[in-house]
Every structure is written in structure tokens, then in C-alpha cells.
Amino acid sequence: MKLSKEEVDKLAHLARLDFSEAEKEAIVNDMDKILGFVDKINELDLEGVEPLIYLSEERNVLRKDEAQDLVTKDEALKNAPDRDTDFFRVPKVLKREEE
Amino acid sequence: MTQFDTLTEVQENLKNGAFTCAQMIEAFLERIEKHQNLNAFVEVYAHDARSRATVIDAKLKHGTAGKLAGLVVGLKDNIVYRGHKVTAASKMLEGFESLFSATVVERLLEEDAIIIGRLNCDEFAMGSANKFSHYGPVKNPLNLKKVPGGSSGGSAAAVAAGLCHAALGSDTGGSIRQPASFTGTIGFKPTYGRVSRHGLIAFASSFDQIGPFARSLENINLLYETMAGPDDYDNTVSQKEVETVPPEQNEKPRKIAYFKDALTSEHIDKEVKEATFEFIEDLKAKGHTVTGIEFPLLDYLVPIYYILTTAEASSNLARYDGIHFGYRSENAHDLESTYKLSRTEGFGAEVKRRILLGTFVLSSGYYEAYYGKAQKARRLVSDKTKAIFEEYDFILSPTTPHAAFDISAESTDPTKMYLEDIFTVHANITGIPSVSLPLFQNSKKLPFGMQFSANSFQEADLLNFAKNFINK
């Protein structure tokens, strides 16, 4: 199956990724090969087969719901790309409408 | 001091005073330094390892040391260790320091293993050659022109080169067993849910499993037994009791199946094929029943694997958004560009390719045709595999279709690379335990492994059976 460039754009947006025009062309070709390869599963008769979603056979493995202080504020902020003493800093989300 | 393949030998030497842990660590650090060209280590914890060695020497003196005292272990760079950096070999996590330790790390430290550093791998464990790493490719210590396999290539190379006694890796579609095959080491993937994944950076959560690399079954068993078992932080872990591996060799005849079509495929190297058939004859001569069986789902395994793992990866990797941790683009100027530019600049090409495929198979209009069908096909494979284990004890195959290939080999077709996983993905699709044993060498002196898989939670039987082929 050959994806169109518009479809690649849509997927890239859903995945929050950007691609250059040259990259998009390579992606269209790669996806064509990969989808041709995985399309094989369409040969299988899957009528009435239950999907296998969880591999674990455990049911309701519960522990006591007890609050624990595992991470301090400083630790939580430690790996932030941008922060002040109390908060994560991000670029402005809402903008004043331009004149 | 660094040459011993089993912990028993190391502990004997520590006990009779031939050397101390501190001296042994110096010898390992020297060896690591000498083998820097392999690019196996991303970071060496020299200071940490030295001070732990001193503590453990004191514990040994007082008779209070844990059962792994003297064992020097490396961690794949996707298993977290409190206060230490971890990046999954990605620019996305450059500089990231973990606030906690993985359950497996906690358990190794509790038994006094020494963690010597973190090991190179494919970015977010996606790859079969260790060429997709932010830190560059790892070289195979047995032939520097060859890949060590992937994604746990650094772990395999470090163990093969004697830079540590053992290493931890993760196996989502063969990422422990394939590099073990390429480097002549033992690589073991336990049953899904036998070992906690808490602290493993997620790739595909219903496939990922942590497991050990070593040069002896003894060390594999020790690590496995130490790591396995219930964990409050991962409720997919089985509550079943962990069986220890019986120490004695068990030669009783067993029933072993192999997939007939897998061994006649054109993708398999001639020498690998011949060695496998010879090995089968040898097993028969020893009294085992070895039967070639039909497995009509063989050609569907890799497609099922790629649909489901990319879907899970696209969801798992959504957390890397440049907000709370990880890489943020300097050019980000609003919320959307923070997400898009950070992810675009932070992830490598293969990771982006898989995220995109995963997004596609989960997208509206295609979900049922790909993701839904692959989940159903996974059920068929699982049921068929369970039926095989009603009749047979083990499934046998070569671990890889050939020995290690050249680092310079360029593949323009991603699906060619994906076929590398043809023998290994079966165990991840079904969750069964599987081990690669270093039994063969080709005419170019490159090793390749034989893979045995058993029914879920039959690790003790599987590792005990392996003793018939590896005598340490």
C-alpha cells in the first residue's frame, strides 16, 4: 500500500514529528515496503478469534493503597530541560492576539 | 583476575586470598580501558565500583556478604540505576539521571553484585546490529569488522571481551539472544512476567523482558534466580514461586520439536543449516526424540511482531515531549513546536520510522486492519505454541539465520533487517522463555548460537537441560 504525502503529513502530525520533503519521500518508500511486508497477516482466517491483549495471566494483583513520598520536589525538577526553583518552565502556550 | 567464567571460581579465589574484590575491579577497569575501541561502554562507574568493592571485601571478611559477592555486572543503557545517568542510547535522554533503581538492579545490589557501568545499545532497544545508537556502533570483539548484534550489543560485546562477568540486557524480539549468538555468549530471555520490568525504559510493554548475558550457565542461573519473582512495582509479574535450577545434569531423554520450514528457508546460511541438522542427529544419538513439525504460522511471526511492537512503541514513546525531562529543542517557541521539534531532533531515524508505523497501524481507518488483526493472529500463535508444548518439552532452532555480518553492510530495505528476527520473535509473541547457547563456529571462526525455548515458567527445566551442552 502506497501512502500519499498528505497521509504521511497527517501521521507525522499525530506522532508530533516533522520531516523534510526528502525525508517524506524516503518514508513513503519505506512504508510501502514495510506495509507490503506486514500485509501478509491479511491471508489469515481470523474469524471469531479473540485478540490476545495481555500476556500476563495474573488477575487483580493488588497492594495496599498507601501514600509514599518517593520523589521530592527538587528531584522531580532535576531532569527538567528548563525550570525555576518551584516549577517546570515551558514556552508560552497562550498568546496575546497580534494587532 | 578477570578471566573466570563462573562465580564459584571467583569466590574461591577471593576466599583463599589470591586477590581481593578491589584488586579485581582494578583489573576490570584496566581491561575496559584497553578495549575502548569496542565502544561497548557508554559510561564506566569506576569510582562507584571501587568503593563498593572495598565494602564487599570487608563483608567477605566478616562472612556477611551476599550470594553474588564478587560478580561484576554491566547494565544495558535502558535499565535505570538510582543517581546514575541512563539514556537508552538516545539524544532524547542525554544527561537524564534516574531517581530510582530498577527492581532487578535493587536485587543484584542486595546480593552484593558490583555494577561496573552502562552499556551501549540500539536507541530505545530498536535494532539488530547496534548501529542505531546515539553513541555510534559497537564492534564485535571476535572480529572488529563485524556487528555484535542488537539491540543489547554493548552487553554482549562486554561479556564476550571479558570486560565484566555478566551483563543485563532486554529482549523485545531477540535483543538478548541474537547478540549472544553473534558474540559466542549465553543469552537468556525469561518468561514474560517472570522478571520485573520496573525500571526498564519501555519499548513494547507486552514484549519486553529483562534477562542476563554470561559466559557460564552458572552465572546465568544465579542472575536469573536473583532477579525473578513478584514485585510491588510491576503487577504483570507472576505471583508463581520461582523454581531454582537443579544443580545436577539431567540426561534423561526429552521430546524436542523444530519447525521444518524454518530450516529449509533460503534466508538461512548453509553452514548454520548444516550445523543444526548435525546437532539434531547428535541429540537423537543421545536418545532424545527430535521431530520436525509443521508450523504454518511461521511466515506471519515477523509481521505480527512489527505491527504490535511499533504500535506499543508509538504509545510508550509519546512521553518524550520535551516538557518535564529529556531533550528540548532550542528552537521551540510554543507548545506544538516544543513537542514537534524536540521529538524530531531528539529521536534517531529508526525510532522515528517505528513511531510512524505504530501511529499508522493505530490510526482511525487502519486500526482493525492491522493492530486488531495482529492481536488476533497473536492468539493463534499462542494457542498453536501451547499445543506444541503439550507434546514436546522444547522447541529448537538456530538463534540467528547466519553469523555476525559486516558493520559496513548497508541495508536499504528495512524489511530485510527485520528478517534478522525470524527465529527469535516467536518467544516474545508468546511470552515463552528462550535461551541462546554458544555451540557453533563457522569456517570464518565466527560463532552462532542454538536456541532452545520451553513452555511458560519452565525456566528451571530449560536451563537444567542446557547443562547437557555447556559444562560450566
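Analyst: Two residues are in contact when heavy atoms lie within 4.5 Å. The model here is predicted. By that cut-off, A:Leu11, A:Ala12 and A:Leu14 of α1(A) meet B:Leu356, B:Thr359 and B:Phe360 of α12(B).

User: What makes α1(A) and α12(B) parallel or perpendicular?

Analyst: The angle between their axes decides. The two axes cross at roughly 100° and come within 9 Å. Angles of 65 to 115 degrees count as roughly perpendicular. Therefore α1(A) is roughly perpendicular to α12(B).

User: Which classes of residue make up the contact of α1(A) with α12(B)?

Analyst: Five residues are nonpolar and one is polar. None is charged.

User: How do you know how α1(A) and α2(A) are oriented to each other?

Analyst: Use the angle again. In chain A, helix α1 (residues 5–14) and helix α2 (residues 21–38) have axes that cross at roughly 100°. Those axes come within 10 Å. The range for roughly perpendicular is 65 to 115 degrees, so α1(A) and α2(A) are roughly perpendicular to each other.

User: Which residues make the contact between α1(A) and α2(A)?

Analyst: From α1(A) come A:Lys5, A:Val8, A:Asp9 and A:Leu11. From α2(A) come A:Glu21, A:Lys24, A:Glu25, A:Ile27, A:Val28 and A:Met31. By class, five are nonpolar, five are charged and none is polar.

User: Why is the pair A:Asp30 and B:Arg353 called a salt bridge?

Analyst: The side chains of A:Asp30 and B:Arg353 meet with N to O at 2.7 Å. The rule asks for an Arg or Lys side-chain nitrogen within 4 Å of an Asp or Glu carboxyl oxygen. The pair therefore passes the rule. Across the interface of chain B and chain A, the rule finds three salt bridges.

User: How many residue pairs are in polar contact across that interface?

Analyst: There are 20, with both residues at pLDDT 80 or more. On the side of chain B that touches chain A, α13(B) gives the largest share, 12 residues. That side divides into 33 nonpolar, 21 polar and 18 charged residues.

User: What is the extent of the contact, in residues and in buried area?

Analyst: Chain B gives 72 residues and chain A gives 56 residues. The two chains bury about 5,600 Å² between them. Carbon and sulfur atoms hold 67% of that area. In chain B, B:Leu99, B:Tyr300 and B:Leu356 lose the most area to chain A. Together they make up 12% of what that side buries.

Technical notes. Residues are numbered from 1 along each chain as its sequence is written. Chains are lettered from A and ligands numbered from 1 in the order in which they are written. This is a predicted model: local features need pLDDT of at least 70, side-chain atom pairs count only at pLDDT 80 or more; totals for chains, interfaces and linings use all residues. Side-chain values use heavy atoms; hydrogens and water are left out. Buried area is the accessible area (1.4 Å probe) that two parts lose on being put together, summed over both. A polar contact is a pair of N or O atoms within 3.5 Å; within protein, one must be able to donate a hydrogen and the other to accept it, and residues adjacent in sequence count only if both atoms are side-chain atoms. Helices (H or I, at least four residues) and strands (E, at least two) are DSSP runs, numbered from the N terminus. Ala, Val, Leu, Ile, Met, Phe, Trp, Tyr, Cys and Pro count as nonpolar, Asp, Glu, Lys and Arg as charged, and the others, Gly among them, as polar. Axes are lines fitted to C-alpha atoms, for helices over the stretch in contact, and angles run from 0 to 180 degrees between N-to-C directions. Angles under 35 degrees count as roughly parallel, over 145 as roughly antiparallel, 65 to 115 as roughly perpendicular and the rest as oblique.
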